[in-house]
Structures are given as C-alpha cells and as structure tokens.
Amino acid sequence: MKYDAVLVLDFGGQYCHLIARRVREHGVYSEIVPHDIKVENIKKLDEKFNVKGLILSGGPASVFESGAPRLDPEILNIGLPVLGLCYGHQLIAYMAGGKVGPARKREYGATYVIIDRPAGVLKGLNRREKVWMSHGDTVFSVPSDYEILAHTESSPVAAFKHREKPIYGLQWHPEVVHTEKGMQMIGNFLFEVCGCEANWKMEDVIEKMIEEIRIEVGNGKAIIALSGGIDSSVATVLAAEAIGNKLTAVFVDHGFMREKEPEFVRRVFQGFNLNLVMVDAKERFMKRLKGIADPETKRKIIGEEFIRVFEEVAEKTGAEYLIQGTIYPDRIESGFRRFSDKIKTHHNVAGLPTRIRFKKVIEPLRDLYKDEVRKVALALGLPKELVYRQPFPGPGLAVRVIGELTEEKVEIARKADRIVREEIEKSGIKDRLWQYFAVLTDTKSTGVKGDTRAYGYVVAIRIVESREAMTASFARIPYKLLERISSRITNEISEVSRVVYDVTHKPPATIEWE
Ligand code: XMP
C-alpha cells in the first residue's frame, strides 16, 4: 500500500523539521526535500508514495536578494496543492509578481491576525486568531489572480490563495505550538485542500523498516554499534527482528560509561536473538588520551579510537553491511542541510564508517524524530527505563571531565553522576527534564571538612529542560533538591570540596561543557 504524503521543501528555516512532524501527527506521511527539487524528482517520489501536496518552509533569506533560494517555477503549474509558509509565502507572492519588501515594522512572536475569508487552509477559523510570526519581510500586494485571506496591522497580505489553483500562502508559522489553531490549519491543508487520507501509522513504519533491512542485507551479515542509547537500541532490535543472528551488535566500553552501563546493556539485550559483543577497551582509550586537554581533540581521538575498535570486530565477523541508528535531527546537525553550522563533533554520527568498505550503510531510523523513535521502542517492547532515559553523549564522561583525563577524575565524575541521577529520579521531577548530570571542572577550591582544610575539586551540576536539544534552559529545580545533591556529593566523594549549579541557557552555552 502507498501512503498519501506531503513533501516539505526546505528553505533553511529553523522550524522546517516541525512542519513534517505536524503533518505526520495528522497521520499523513511527510518527508523533507531540498527546496530546488525538480518536477521529475517529485514524480519519482510519487512512485514510492502518493505525493498529494507540497509545503514550502520558512527560511532566513530575503526573496529579492540575489542568491536567495528559489523554487522551480514549473512546480506551481503541475496542479499539486502548494502551501507557502513565511519565506515560502513571500516566495510564491514574489514569483507571481506581487510586491514583497522589508517590513515597516517587523513582526516577531505572538500576533493577532484578522481572517478576512475563512476558506481552504483557514476554514473554520474565527475572525481574530493568535498566530506565531517571525519575519523581516512582508508581502504588500498580490496580483489579481490571487485573493487576500487574512491581514495584520503591519502585514496587508498575511494569507492568500490563488483564485483557481490550490496554492496558498501564510505569513505565520502554523507548525509552531504558539499558533493556537496551527494543527487545524495544517489539517485543513492536508484534508480539505490536498484530499489526503490519514493512512500513515507507526506500526506500518516498523514493518517497513524491518522489511527494508531484511531486503538490503539479504543473505549477508551486518554489524551495528550499540551504545545503550535509545536510537542505536531501536535500530538494533529492528535489525535483530529482520536478520536475527546474522547481526552482530558491538558495545564498546571506552571507560567513560555511567555506572553499571555495560551490565544494563547486557541485561536489556540478552533476550533478543542477536550476537552481542562487549569490548573492554578502557585501557587503549585512556592511553590515547593521555596529556590531551583540548575538548575537540578529545572528541576526535575518542571518535577515531572507537572506529578502530569497531573495525577490528567488524573485520572478524565479516559483516558487509553497517546498520546505524541515525535519526532525522542527527542528519541536520551533521550538516546534511546546506545552511546548518557545525558546533561540535558528535562522534556517533560523524565517525562511521571509514577504512572498512561496507557494501552499504543502512539507516532505518533516518526519517524519524526522537519522540517517534520512542514510540517505536515501546512498540518493540524495549523497557521503559531505556525508552525514557536521558540522552548520553557518545564520548561519555570524557566530555564531562574538563581538561585532561585521569582514571581518578573519571571515577569522581561517575560517582557524582550517580548521585545526581539518584536524587533527580527520586524527586519525581525527572519527566520535565531533558538531562541532569555532573561535570568535574578543572578548578580546585578551598573547603573545610571536619576541622581541616580541604582543597578539592569543584563539581558543576547541569540540569536542563529542552524539547530537541537545539535550545535548552537551565532547570529551576527546588533549592532543597540542589542542597541534597550538593551535600551528598561533598560527603560521599572526599575529593570534592565544592558544588556549583550551572545557570546558563543554550544558547549561549551548549548543554555539555565540552
Ligand atoms: P550540546 O552539548 O551540543 O548537546 O548542546 C546537545 C545534545 O547532544 C548530546 N551530545 C551528544 N550526543 N554524541 C551524542 O550522541 C555526542 O558526541 C554528543 N555530544 C553531545 C548532549 O548530551 C545533548 O543532549
């Protein structure tokens, strides 16, 4: 069966991925494609699913600048419904010969829009609706084959529709939760304008992913790096379902794991039909990292050494296929979108594969978002403690011990991490937190323990709330809880004399310290 699908054309906007996600929340499949996709490529995709419409995302450019991302004009003539959002809205107006220019007053944030004609995408809306705006340019007029559907004080054409063709534009962002009826607007486009059927379900996706792995691997063998995080765990279980013991899952213990992590992974995966190889590589990692204090160098070395270890196992098993748990946001962060910037080397994405020539890299989760991966994980029967565990960076505690690593320091970080986890998990506030952990800083400070002077390490506590890790806020957790964490760390870890709380958002800080 083919799913009905709506393609999102990526013009570089920060909410682009949210659009695809909202479409899927309506039960319609959605995929993000480059903004300059050609009609013949759309037709090709139409063989895989029924392409019923296109949404043009927002973006940072101005349509009248040279070099601004453009749309193949043919796309507006093939009869496919099109919805332009923000930049997409301005682009359609501009291409049609409308007047677009810098706004006299920029609109940013929650804005009230007056709906002049509640038709098509705006069907069923009130005269006045709260929407989320974020734009520097404005559409001032559209040609006579278009009609205006909505306006605001500073945007005379806040929404439009072509009089005959199913082409719409909205200046605001219906995909953002602050647009109160955003889901209804997207639903209107999908069902009223495109005539989609909501026939996309997570269970079908699981079947499809398993089938894909089975077909790709055929009679061959595959290997996967299993970290114990949710993404690689889900990819491992899917692959195990697909190819059973033709799969080898490799867990590399680099020595920077949380307490009891290897045991946890063994316990969860022993019930599945796969070969699990646990590699104790602590010594070789520590040796390579001796004397290295620079965070990016540390990350690079860990990434490289990880690959070496992994390659050694891969060579032994004779696997021709590499399976990876890459998810959609990872692809954005590692620069698959043209406008994204690299902040850190995320080792599990950037690293594999290298020297080994795999016939193919299979990424069954490549189009899913974290919350979708969680749904898949639950459906596959992975335990809740794994499904809802906080993210943990590939290089592990190595990036939570600032500066040069020693076994002693890593051990202190590990103990502090356990205390933070225990206290947060006991407190009942875990569900609203994205991450909670301890960082061993490279600062020492004077303290007094008993009656004696103590000169010990400073541990920083980092607890953040976030939705996608692209931005984060430090969590305002109760002082009582902070106090408990602080006293336990200073009491139970003799090398620590002081505990501080990190009160920086992301941006400007990142979540991890290195
Ligand atoms: P930053 O520190 O860049 O982190 O704000 C964003 C999110 O990514 C996690 N993180 C990693 N995850 N491999 C991963 O899989 C890595 O190398 C890595 N480094 C950071 C971090 O914990 C946060 O959730």
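This dialogue walks through selected features of a predicted model.

Student: What are the ground rules for reading this model?

Tutor: The model is predicted, so local features need pLDDT of at least 70, side-chain atom pairs count only at pLDDT 80 or more, and totals for chains, interfaces and linings use all residues. Residues are numbered from 1 along each chain as its sequence is written, and side-chain values use heavy atoms, with hydrogens and water left out.

Student: What counts as a nonpolar core, and how many residues has the largest one here?

Tutor: A nonpolar core is a set of buried Ala, Val, Leu, Ile, Met, Phe, Trp, Tyr and Cys residues joined through side-chain atoms within 4.5 Å. Buried means under 20% relative accessible area, exposed over 50%, and partly exposed in between, with a 1.4 Å probe and protein chains only. The largest nonpolar core here has 76 residues. Leu9 and Val234 have the most contacts inside it.

Student: Which helix gives the most to this core?

Tutor: Helices are DSSP runs of H or I with at least four residues, strands are runs of E with at least two, and both are numbered from the N terminus. Helix α6, residues 230-243, gives the most to this core, with 9 residues.

Student: Which residues is Val234 in contact with?

Tutor: Contact means heavy atoms within 4.5 Å. Leave aside neighbours within four places in sequence, and Val234 is in contact with Leu365, Val373, Val376, Ala377, Leu380 and Leu382.

Student: How do I read a helix crossing, and at what angle do α5 and α12 cross?

Tutor: Axes are lines fitted to C-alpha atoms, for helices over the stretch in contact, and angles run from 0 to 180 degrees between N-to-C directions. Angles under 35 degrees count as roughly parallel, over 145 as roughly antiparallel, 65 to 115 as roughly perpendicular, and the rest as oblique. The axes of α5 (residues 202-217) and α12 (residues 370-379) come within 10 Å and cross at roughly 80°. The two helices are therefore roughly perpendicular to each other.

Student: Which residues make that contact?

Tutor: From α5 come Met202, Ile206 and Met209. From α12 come Glu372, Lys375, Val376 and Ala379. For classes, Ala, Val, Leu, Ile, Met, Phe, Trp, Tyr, Cys and Pro count as nonpolar, Asp, Glu, Lys and Arg as charged, and the others, Gly among them, as polar. The contact of α5 with α12 has 5 nonpolar, no polar and 2 charged residues.

Student: How many disulfides are there?

Tutor: A disulfide is a pair of cysteine sulfur atoms within 2.5 Å. By this rule the count is 0. Take Cys194: the nearest cysteine sulfur, that of Cys196, is 4.8 Å away. Cys194 is buried, at 9% relative accessibility. Cys196 is also in no disulfide, and is buried at 8%.

Student: Is helix α3 buried or exposed?

Tutor: In α3 (residues 87-95), 7 of the 9 residues are buried, so the helix is largely enclosed by the rest of the structure. The buried residues are Tyr87, Gly88, His89, Gln90, Leu91, Ile92 and Ala93. Just after α3, Gly97 takes a positive phi of about 95°.

Student: What does Tyr146 touch?

Tutor: Tyr146 sits in strand β7, residues 146-151. Tyr146 is buried, with a relative accessible area of 6%. Not counting residues up to four places away in sequence, Tyr146 touches Ile92, Ala96, Phe160, Lys161, His162, Arg163 and Ile167. Tyr146 and Ala93 are 53 residues apart in sequence and 8.9 Å apart in space, C-alpha to C-alpha.

Student: Which residues other than glycine have a positive phi?

Tutor: Cys86 is one of them, with phi near 55°. Cys86 lies in the loop between β4 (82-85) and α3, and is buried at 5% relative accessibility. Lys260 is another case, with a phi of about 65°. Lys260 lies in the loop between β11 (247-253) and α7 (261-269). Lys260 is exposed, at 58% relative accessible area.

Student: Where do I look for cis peptide bonds?

Tutor: Look at omega. A cis peptide bond joins Lys506 and Pro507, with omega about -15°. Another cis bond joins Pro507 and Pro508, with omega about 10°. Pro507 lies in the segment after β18 (496-501), and Pro508 is found in the segment after β18 too.
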